[in-house]
Amino acid sequence: MVASILILGGTTEATALAQAMAERGQPAVLSLAGRVARPKPQPIATRVGGFGGVAGLVDYLRANRISHVVDATHPFAATMSAHAVAACAAVGVPLAALTRPPWTPGPGDRWHRVADMDAAVAALAGPPRRVMAAVGRMHLERFAAQPQHFYLLRLVDPPAAPLPLPHAHVLVSRGPFTQAGDSALMRDHRIDLVVSKNAGGTGARAKIDAARALSLPVVMVDRPALPARTELASVQAVIDWLAHTQADLGV
């Protein structure tokens with residue numbers, strides 16, 4: 001049996017792992033959620049869209065003879081990650097997560113940590129402010145509960161429908177970004193507060209470093225809790241894990 005790896009992607013780490021699989025000639029499929037209209041070209045086979053819950057993922061693993069799953073989704077893709085844990089357990093397929101270490105506050109950071117997006121919205125109660133909301137398109141409707149603010153939004157794709165925020169400016173742009181660029185952006189729009197998910201990694205960190213440099217407060221949303229699983233911090237660690245588990249399975 002030729003091992004076939006399913007990579008649950010949508011992150012820079014998933015792209016790096018896909019490149020590593022291509023360079024090694026390892027059969028693999030990269031699965032994307034389909035939330036970005038123009039995803040970056042990938043060096044391995046790609047599928048786009050959901051699986052239809054745990055049962056649908058179980059069917060996919062069996063039908064495609066998947067030997068291993070690597071969850072390289074965004075740290076806030078909690079539903080997909082939980083489904084992966086359940087489906088792999090049901091089928092007996094080894095699962096590992098390629099995870100980014102979370103950001104931690106350092107000297108000069110002015111973080112207000114909150115447990116989830118609803119708590120982030122609640123933290124914005126009060127007089128009008130100029131907010132850079134770096135939370136992604138999926139969460140914007142929640143911030144309609146605090147319409148008094150100006151919101152600076154940076155999205156990968158243009159909004160498909162009118163925004164639920166009466167005072168907003170949208171920048172359509174794809175990272176990675178730089179601290180200097182984000183500092184200039186915040187100054188140009190007179191931002192006085194940043195809302196961010198604790199995505200971790202380096203690709204999205206520029207806004208956090210810029211907020212520190214400008215002494216701006218950050219409402220930082222903690223990562224969601226996930227079921228226990230093997231977690232790895234680098235592409236090389238995933239490659240080593242695959243080699244070890246493939247040997248154990250006789251693949």
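Contact here means heavy atoms within 4.5 Å of each other. The model is predicted, with local features needing pLDDT of at least 70 and side-chain atom pairs counting only at pLDDT 80 or more, while totals for chains, interfaces and linings use all residues. Residues are numbered from 1 along each chain as its sequence is written, and side-chain values use heavy atoms, with hydrogens and water left out.

View 1. Leaving aside residues up to four places away in sequence, Leu 17 touches Ile 7, Val 70, Leu 98, Val 235 and Val 238.

View 2. Ala 120 lies in helix H4, residues 117-122 (helices are DSSP runs of H or I with at least four residues, numbered from the N terminus). Ala 120 counts as buried because its relative accessibility is 0%. Not counting residues up to four places away in sequence, Ala 120 touches Val 114, Val 195, Val 219 and Val 221; the C-alpha atoms of Ala 120 and Val 195, 75 residues apart along the chain, are separated by 7.4 Å.

Note on methods. Helices (H or I, at least four residues) and strands (E, at least two) are DSSP runs, numbered from the N terminus. Buried means under 20% relative accessible area, exposed over 50%, partly exposed in between (1.4 Å probe, protein chains only).
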